[in-house]
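Come and look along with me.

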Amino acid sequence: GVVAGHAAREALERLAAQDRVLLDPRYREGLSVSEVADVVGMPANTVKTRVFRARRYLKAILSPLIKAE
């Protein structure tokens, strides 16, 4: 709903910029980890780790809100 959408935007804004910049090409553009790594110029394993941590952070923040709706 509206609350979850607002919370998601706020949670994304709390992410470190270096992690946030990885999520957009990975999920909005559908790029693979290797493709994202090429675009941002970092090793694929680093991209994979940062995306995993960012998703875990977002899940921790948003899970209670989604369950409450």
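Predicted model: local features only at pLDDT ≥ 70, side-chain atom pairs only at ≥ 80, totals over all residues.

Residues are numbered from 1 along each chain as its sequence is written, and side-chain values use heavy atoms, leaving out hydrogens and water.

**Entry 1: helix H3.** I looked up Val40, which lies in H3 (residues 33-40); helices here are DSSP runs (H or I, at least four residues) numbered from the N terminus. Val40 counts as partly exposed because its relative accessible area is 30%.

Which residues of H3 are buried? I found Val33, Val36 and Ala37. They share one side of H3, because their arc around the axis is only 105°, taken from the directions from the helix axis to the C-beta atoms. The face turned away from that buried side carries exposed Asp38 and Val39. After H3 comes Gly41, with a positive phi near 75°.

**Entry 2: the core.** A nonpolar core is a set of buried Ala, Val, Leu, Ile, Met, Phe, Trp, Tyr and Cys residues joined through side-chain atoms within 4.5 Å. The largest one has 14 residues, and Leu23, Val47 and Leu58 touch the most other members. H1 (2-14), H2 (17-28), H3 and H4 (44-68) each supply at least two residues, with the largest share, five, coming from H4.

How values were computed: Buried < 20%, exposed > 50% of the residue type's maximum accessible area, 1.4 Å probe, protein only.
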